Amino acid sequence: MPVWLKVTTAVVSVVLIGGLAFAGYWYIRLQSNISSSALGAGNSRTDNVDDATGRLQILILGSDTRDGKNSNYGSAEDSNGYGNSDVMMLMDISEDNKRVSVVSFPRDLLVDIPKCTDQKTGKQFPARSDVMINEAMSEAGIGCAVDTVNKLTGLEVDHFMMADFNAVKELSNAVGGVEVCISDAVYDPDSRLKLPKGNSQVQGEQALAFLRTRHAFGDGGDLGRIKAQQGFLSALTRKIKDDGTLSDPVKMLNIADVVTKNLTVDDGLSSVPALITIGNRLKTIDVGKVAFVAVPTVPAASDPNRLDPAEPAASQLFAALKKDVDLTDPEGKQKPSPSPSATPGTSAPPSAAPKPTTPAAPYDKSLQPVTVVNGTAVPTRSQEIVEALVAADFTQVGQFEDAPTPKTMVYYGPDFADVAADVAKLFGIPAAQVAPSPGISGVQLYLGADFVSGSKFGKTTVPKDIVNQTAKDATCQTANPELIVQDAG
């Protein structure tokens, strides 16, 4: 063998061995960084989707635990058990991998927490009602927070990622700071946020303060805080994309090291390849199709300092998520569901209900008894339908909850076929789903799982202006007037 060939072979061998050793070192290092926990807390689940190709829902949590490196932000008594979720966002990646919806849950939102079992100790905790959502994981662990979101939304979370305070500081340092904007100079002594008016680069402690502050933005409530968090994440997303970080191995390894050291994931994500799969999906998505929204809320009836889901808007949002609607362009993506009796290649039956054999005399809508039965398993679903009936002059309307049913039906008693036809027409319910029922007095509209949102059957209503911003938008947060200062520099 010629000397030059021997030398070349030796050099290539050294490079390959060195590269493999380098890759092996980083693989072992990143893998050893990862902490994991059970996805659920003992509640039933269906099969998981394919992370590489399926519709994927990941619950992102920020823990307020004061253990270890987080001890500077309060005492251990400030967070009980597993700690509370300081941040709770559901990241929903579409199956076609063209868009992402990020839904924020206010920590003051009152919800029902299901019965949960601590997967480490086996201890069971009973279901609770009207509890702040950020308390869901404090007793039984992260899995209980996942189960609570599933119960609230009717969705099924596939994975979770939980980070602590230190993760924000180190990640913001790793990317060289994140640009944020605020309308006026502010100082919040509680979170230690101190920023001048206009644009600022925040990293480390100031980045954490920007995300943690409860009082600096809006009216000092949780909704202003959510918008600031969404603005920060949008700016972080743009910076990572614009800086070419996703195609720079050195930068990516640095970020991966920082993130994995401060991250707890479910068992299904507890490997480097699994995390790379998620990263590969996210890096190709247009930032204009990353929509940040918040669960619609109103002041809680039981406590004005807490929040309840605003209906019907909250149920409409959850229904739109179930149907994988593009929240940035809902009208362009909606496709009405075909009639259950229709088959591919055939025409759907007429939407009007059967007419009486002889013409019916005009009737007074205000005198016709119509009952709305909620069999959708979506709380307060009847409200929107009742409002539509009353607006159409059917004022004698009753409502009640019943067992979930898969199919919407309009039932009518003797001499009410014409009324049933008009009710069906009002909501666009197909004729095949209108039927006589001698035991009913008047008309009964039985709402099923095929009609969980909106006032037109087969269509999903998306709440108006539900998207706060996309990752493409650079926003400026409104300072809370009570914390504005003359000079926060």
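**Disulfides and a helix pair**

This predicted model has two disulfides, counting cysteine sulfur atoms within 2.5 Å.

Visitor: How many residues apart in sequence are the parts tied together by Cys-181 and Cys-476?
Guide: Cys-181 and Cys-476 form a disulfide, their sulfur atoms 2.0 Å apart. Cys-181 lies in strand E10, while Cys-476 is in the segment after strand E23. The parts they tie together are separated in sequence by 295 residues.

Visitor: Is Cys-476 buried, partly exposed or exposed?
Guide: Buried means under 20% relative accessible area, and exposed means over 50%. Cys-181, at 14%, counts as buried. Cys-476 has 39%, so this residue is partly exposed.

Visitor: Are helices H4 and H5 roughly parallel, roughly antiparallel, roughly perpendicular or oblique to each other?
Guide: The axes of H4 and H5 come within 8 Å and cross at roughly 140°. Roughly antiparallel needs an angle over 145 degrees. H4 and H5 are therefore oblique.

Visitor: How many nonpolar residues are in the contact of H4 with H5?
Guide: H4 brings Ala-207, Phe-210, Leu-211 and Arg-212. H5 brings Arg-225, Ala-228, Gln-229 and Phe-232. By class, two are charged, one is polar, and the nonpolar residues number five.

Conventions:
Residues numbered from 1 in each chain as written. Predicted model: local features only at pLDDT ≥ 70, side-chain atom pairs only at ≥ 80, totals over all residues. Heavy atoms only, no water. Axes fitted to C-alpha atoms, helices over the stretch in contact; angles between N-to-C directions. Helix = DSSP H or I, 4+ residues; strand = E, 2+ residues; numbered from the N terminus. Parallel < 35°, antiparallel > 145°, perpendicular 65-115°, else oblique. Contact = heavy atoms within 4.5 Å. Nonpolar A, V, L, I, M, F, W, Y, C, P; charged D, E, K, R; others polar. Buried < 20%, exposed > 50% of the residue type's maximum accessible area, 1.4 Å probe, protein only.
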